[in-house]
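Hi,

Here's the structure I promised to pass on.

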Amino acid sequence: MTAATVDLTPYGGVEPDEAWAEEVRKLARERDAVLLAHNYQAPAIQDIADHTGDSLALSRIAAASDASTIVFCGVHFMAETAKILSPEKTVLIPDARAGCSLADSITGAQLREWKAQHPGAVVVSYVNTTAEVKAETDICCTSSNAVDVVASIPADREVLFCPDQFLGAHVKRKTGRENMHIWAGECHVHAGINGPELAERAAANPDADLFIHPECGCATSALYLAGEGAVPADKVKILSTGDMVHEARATKAKSVLVATEIGMLHQLRKAAPGIDFRAVNDRASCAYMKMITPAALLRALREGADEVHVDPETAARARASVQRMIEIGQPGGGE
Ligand code: SF4
């Protein structure tokens with residue numbers, strides 16, 4: 001191992017049994033902490049949390065909470081977003097090494113250089129970005145409101161959209177906008193859920209609804225297949241993770257194929273126990289999300305680690321881009 005190699009072995013050795021759950025609840029009370037878990041967390045972490053949801057919904061719950069400490073069970077940019085919206089609160093992430101390949105696909109320096117090549121362009125960034133990138137952004141977006149955010153920008157202004165190329169392609173098609181440039185970033189988990197796999201699963205389950213996250217490599221294929229009549233258009237639902245839970249309660253389908261990270265299945269099965277939910281790709285598991293183990297959560301509550309810091313000037317600029325998004329309309333949820 002070189003000095004530069006980061007060890008990503010998760011904290012281990014703790015079973016999520018009843019004694020663990022009691023200890024977690026006791027320590028959370030002592031710390032005046034609210035426990036938040038993203039939809040892609042392991043089931044035991046989702047079940048012990050006070051709230052589960054998508055990244056933005058959780059950050060807004062954190063900001064509205066009376067608790068002085070937020071324990072964010074998710075990846076680092078999500079905990080940063082909570083800190084941006086609640087600068088006066090202590091924000092802990094159980095393992096600060098839990099990164100995100102999508103957020104890492106563009107840095108603040110790369111975005112500054114891209115902006116310099118397109119003076120006057122409006123920068124729209126998906127919430128899966130670091131605080132530094134949000135600070136360089138004009139308007140943030142989620143997968144629920146990305147189309148509305150881009151549509152709100154005067155037609156003669158160039159748009160720089162980052163970092164997700166699949167969400168960008170979805171927005172470009174919906175808005176019909178030609179002067180929109182898309183950063184070629186992707187999440188390795190979502191990109192791995194591909195069109196041929198989806199087509200095969202859909203053909204084998206002709207009555208199933210298809211719930212597809214717009215970051216998935218198969219989102220574009222799904223719309224294409226629907227356009228070609230290969231899958232019925234009314235079965236294809238492109239949804240953020242938060243909207244998937246609402247749609248699970250609303251659909252009349254008896255089975256649903258789900259194209260996103262497999263942790264999502266836990267919330268969907270809880271929301272609609274009568275429906276048979278199946279993953280399009282069973283291997284679509286985010287190793288970063290699964291670094292938040294029972295041992296890591298216990299460590300966070302015992303030691304007050306890892307604390308998330310965002311420098312106040314970066315936080316203020318990043319907050320402005322999130323607030324502009326909220327002013328445009330219902331942000332719904334991102335990932
Ligand atoms: S699933 Fe992809 S986008 Fe989501 S946290 Fe993991 S690496 Fe990032």
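Before you dig in: it's a predicted model, so local features need pLDDT of at least 70 and side-chain atom pairs count only at pLDDT 80 or more, while totals for chains, interfaces and linings use all residues. Residues are numbered from 1 along each chain as its sequence is written.

The ligand first. It is surrounded by 13 residues, and the closest are Cys100, Leu102, Cys187, Val189 and Cys286 (near is a C-beta atom, placed from the backbone, within 6 Å). By class, that shell has eight nonpolar, three polar and two charged residues (Ala, Val, Leu, Ile, Met, Phe, Trp, Tyr, Cys and Pro are nonpolar; Asp, Glu, Lys and Arg charged; the others, Gly among them, polar).

Next, the domains, with bounds from an automatic or database assignment: domain 1 is 18-99 + 289-309, domain 2 is 103-187 + 315-328, and domain 3 is 193-279. Between domain 1 and domain 3, the C-alpha centres lie 29 Å apart. Their contact takes 11 residues from domain 1 and eight from domain 3 (contact is C-beta atoms, placed from the backbone, within 7 Å). On the domain 1 side, α2 (43-48) and β2 (51-53) are the elements giving two or more residues (DSSP runs numbered from the N terminus: helices are H or I, at least four residues; strands are E, at least two). That side has five nonpolar, five polar and one charged residue.

Finally, Lys83, Ile84 and Leu85 in α4 meet Ala315, Ala318, Arg319 and Val322 in α15. That contact has five nonpolar, no polar and two charged residues.

Cheers

Note on methods. Contact = placed C-beta atoms within 7 Å.
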